[in-house]
Amino acid sequence: MGLRPTHLGYAYQDLLTALRLVDLAVGRARSVTVDTKMFAGDRFDDITCEWATGSRERLQIKHTDHDRALSAESFIKDSRGLRLDLLFSSIDRDLISQPATSHRLVVRDTEPDEPDLMRVLQPVSSDIDPGPALHGLGSKRLRFDAAALRAHDPWKSILADVSDEVLQRACACLTVDTGVAACSLNIREPGPAEAALLHRVTEELGAGRPPNRPRTAEDVALALIETAKAARSRTGTVTLEDLLPRLGLKTDFGAVREGHPVDRATEVTRPAVLTEVVAAVEDTAQQGGVVVVTGAPGIGKSWLCEQLGDALHDTWLAVRHHCWLGAADADRGERVLTEVVIGSLLRQLESAAPRAVAQVRPRYAATKETLVAAVTAVRGLLPDRPVALVVDGIDHVSRVLGHSSGGAFGEPVDPAACLVEELTSLSLPSGVVLVLASQPGPHLVAVDARAARLTVPPLDRAELGALAERLGVLSALAASAAGLGDATDAEAAVTLIEERSRGNALYATYLCRQALGPAPGLGTPLAPGAVGDPLQRLRAVPSSAHDLDDYYAYLLRALTVEQRYAVSTLAVCDFAVSADELGEIFPMPAMMIGAALSRVAPIIAQQPGIGGLKIHHESFSRFVRRAEGDSRWVDEVRDKAAQWLSKRGFFTDARAFRHLPELLSALGRDEDLALLIGPDFLSRAIAGLQPPQAIVHTLAVVARRAAARCDWPTLVRCIELSRARSTYEEEGLPGSLVPYADVLVALSGADHVAAGLLYEGVPTLSARWGLQLCAAIDRAGFAAPWEAYLTAWDKDRGGTSGHDGSADEEAVFLAELRGRIRLPGHGPGKGESPKGHPLTLAGRVARFLDQEALGSPGPALGVLLDCLGAEPLWESAALIERPERRAALLLHLADARDSASSMLPSARTLATAAWASAPCDPRRLLDHGVPAEDLAEEVFGGDVTTVLQEATHAVLTGRRGLAAVRRHHARSGPRRRCGPHPRRPRVRCRPCGA
């Protein structure tokens, strides 16, 4: 028969363990321990589950590939490890230390048909039936009857040595699950057990649903089974932190980075308008429904949404999603997707009410159904907290995604209208209100007629005055020598702003910026004829310019054709450029570029990172397209920009890689677009250090265009390349690029790698991989973008640091350590001594090295020495409490003595001090000049033969040779002196000589 049944039993155990791991993934369990005996004679070691409720359950699984009834022999003999007296003794011993434990025996055997067993093993009554041992896997539950066991043989004889108390307790807590489903051991052709796992993975975890569409149920099921195997073979206990990375599921509902489009420094509060909106929200929430807030571009809808969230914060649970954070937002393409909007709302709900959202199934799906289930759960758990779902900037959705028409997409589709239709179809319970903020338009047709509707009114004079003050106009007037009086000038300025803007917040902001003049950062001279006084600059705006379109026309009117082309590049192209780069795209004298930028300075935003200048508000882009009527000039601007990006290198330039496909698609240059996505696209993109996020974006642009044109070969290529990209992101990046980051930096250049880690100030990689690349850049002596990645890492880890001791976490931990040393503000505080005094740098190093969780200090010592230098490490040696850590530090300093500061003692002195602190590797001591006779005297103590025999025995039994023998001698008697000193101190590590 061989070992085949044994291996089959293990495979079945792994499959059932995977089912239990689903409970861990959804939060019902705290931990799952696999194939671990808790004591000698433990008979329930297959699965131990610590439930979130605090109780504990232990399972023993017995597999058979034969359809047979459970026999009495299984419990009489011990061939299956089920002899009844031993089972009960195991349960009793377990309950002594863990009384809140239930025990389950899970068998493939069907219900017994032997009278002897049927008499004592009976079906569980419905009022105490605990249900199947594994959710989704049916069984017939049976329990032993203590009285029957005492009354009938052979059970009476088997249990003669078991007391009545133990018998009663064991029978009460042991449930036998019979008839458990069989398996096929092929997830692609599932048997009943695999089908149960696949069903739970889909319905409880959300595999195959947004945002986890790429992760099929089969993929996740196999990951669960592999986790079970790994736990059985190595780790034993699995926690949620261990499990989730293995599953490859997005557990944040696919939410994008939270952001706020409002600059709090310039925001103007509007209490009267806010009161009206709050009243409408409270009234609508009584029955559950929708409130629509509309207003013209720039009227202040986003201000109002932010203030609404703040006003509801204390008594409501208000979550917000902004569909538009500006053209610089790296997530703008994803932010407007329906599933991302829903996912972001769910993520914020989870942060505010984690217990409620944890009840939702599927746990990690972002669908309409899960959003409704989440708000319903929140209302049930927090009945005193109404819920407000605020979605702002819906009108931006179609501008970002564009309207699809014809081709593979069928009927024309307005993405904004689709989002509104999805959101307004939610069946919201009472106490929940959906607030939609948007510019008016046909995309709001789907909103129910019963929805409350409000229009944001213009800013009144007082609010405009507050805006002018916050933006610095009034203080600039006060400092102007041309003013007739502070109060008079201020009134005149507010009057001009009111008359021209008519209360439009965006227009008023532009007027305030015009009054202040071009920002120094533009580096451009004033345009010819420009005035320098704030009030005069306001008066220069014609009184007929009563709205944004009029103001935009006024700004462009004074520009030459060439200047308008250059400025229009900022409006038409969705990436930042500098003034010099504008001159490259449209060759003209620098003075003309500077004059044009000075003219339109009020509507330009200066962006950090690559490039520098972008349009402040997208309404100018729409104006530019409408104003000319003929689209040929827009195409000419795009064509010039595309030529410029092509020259920069598609695969090597971040802006070209992201935006050249967009321009080619808009120009209809489909052949050129398809040529970008050749068979070697992915390899060249990786060689150019393009991040996975950018690769996804580029493939999506090409795929959408190919689908619209029914260009199936290009579409299929995009799909296959996307699959390869997924493999690169999940396996290649952590398996090849990051482990060999030093090679990457040497080949590509540290500055090039550093530039690729950020795009317009936003990290391009996950914090885990980015930190390790930052460390490689730092080791090469270049500045790395530590701040962005440490901030992202803190957010991912909830502000905690350190690692769990596993090898795959150590590299991240060391990179994080290096970054926190480089940026002290991102690390923990400087700390205090037990007496309350601030710790010195040496004291902080000593406290760090004394941490119990540090494990092996060697790699961390390398980082500390590289970043801090030798002096603080040497000073910290006397402060370290753990002898073995002190020894490791001193030996590390001895190794580095030749390249370190000359203030260090000699390598021999450092090694001798390490030897005095704790056992060390004798070879390293000899390398640093410690005399062999001193080591021999210390180790052998005069009796060489005995010590060598002990060392040989130590090696053969798995101990650590001479070091183990030395520890034995240190415990058994006084140590011999080593070296010329009359007596070596064991604690102090400052030898008196260099």
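## Cis peptide bonds

Proline 211 is found in the loop that connects helix H8 (192-205) with helix H9 (217-235). In this predicted model, the peptide bond leading from proline 210 to proline 211 is cis, and its omega is near 0°.

A cis peptide bond also joins aspartate 153 to proline 154, with omega at about 10°. Proline 154 belongs to the loop between helix H5 (146-151) and helix H6 (155-158).

## Overall composition

The protein chain contains 48 helices and 17 strands. It has 994 residues, of which 51% are buried. When contacts between residues at least 6 apart in sequence are considered, 70% of them join residues at least 24 apart.

## The parallel sheet and its helices

Five strands form an open sheet in the order S10-S11-S12-S9-S13, and their pairing is parallel. Strand S10 (317-322) and strand S13 (452-455) are the edge strands; each has a single partner strand, so one side of each has no neighbour in the sheet. From one strand to the next, the twist averages 15°. Strand S9 (residues 289-294) runs parallel to S13 and is joined to it by 4 bridges. Within this pairing, valine 291 of the sheet stands opposite alanine 452 in S13.

Helix H12 (residues 301-312) lies across S9, S10, strand S11 (387-392) and strand S12 (432-438), and it runs at about 160° to S10. Helix H16 (residues 368-381) also packs on the sheet, where it touches S10, S11 and S12. The direction of H16 makes an angle of about 145° with that of S11.

S2 pairs with strand S1 (residues 29-34) in an antiparallel manner through 5 bridges. Valine 34 is placed opposite isoleucine 47 in S2.

The pairing of S2 with strand S3 (residues 56-62) is likewise antiparallel, and 4 bridges join these two strands. Glutamate 50 stands opposite arginine 56 in S3. The hairpin of S2 and S3 has 4 residues between the strands, and in it glycine 54 adopts a positive phi near 105°.

The model contains 6 cavities of 30 Å³ or more. The volume of the largest cavity is about 100 Å³. Its lining comprises 13 residues, and those closest to the centre are Leu689, Leu737, Leu757, Leu765 and Leu773.

Helix H34 (712-737) and helix H36 (750-756) each contribute at least two residues to the lining of the largest cavity. The greatest contribution to this lining comes from H34, with 3 residues. By residue class, the lining consists of 10 nonpolar and 3 polar residues, with no charged ones.

Leucine 689, one of the residues closest to the centre of the largest cavity, has a positive phi of about 60° although it is not a glycine. This leucine is located in the loop between helix H32 (681-687) and helix H33 (692-708). Its relative accessible area is 15%, under the 20% limit, so leucine 689 counts as buried.

Cysteine 710 also has a positive phi, near 55°, and is a residue other than glycine. The loop between H33 and H34 holds cysteine 710. With a relative accessible area of 36%, cysteine 710 is partly exposed, whereas leucine 689 is buried.

## The surroundings of leucine 663

Leucine 663 is part of helix H30 (residues 654-667). Because its relative accessible area of 6% is under the 20% limit, leucine 663 is classed as buried. Apart from neighbours within four places in sequence, leucine 663 is in contact with Cys573, Phe575, Arg638, Ala641, Ala642 and Leu645. Leucine 645 and leucine 663 are 18 residues apart in sequence, and their C-alpha atoms are 9.8 Å apart in space.

How values were computed:
Residues are numbered from 1 along each chain as its sequence is written. This is a predicted model: local features need pLDDT of at least 70, side-chain atom pairs count only at pLDDT 80 or more; totals for chains, interfaces and linings use all residues. Side-chain values use heavy atoms; hydrogens and water are left out. On a 1 Å grid over the protein atoms alone, a cavity is a set of points where a 1.4 Å probe fits but cannot get out, and a pocket is an open set with protein on both sides within 12 Å along at least five of seven lines; lining residues have an atom within 4 Å of a point. Grid points are joined across faces, edges and corners, and a volume is the space filled by probe spheres set on the points. Ala, Val, Leu, Ile, Met, Phe, Trp, Tyr, Cys and Pro count as nonpolar, Asp, Glu, Lys and Arg as charged, and the others, Gly among them, as polar. Two strands pair if DSSP finds at least two bridges between them. Axes are lines fitted to C-alpha atoms, for helices over the stretch in contact, and angles run from 0 to 180 degrees between N-to-C directions. Contact means heavy atoms within 4.5 Å. Buried means under 20% relative accessible area, exposed over 50%, partly exposed in between (1.4 Å probe, protein chains only).
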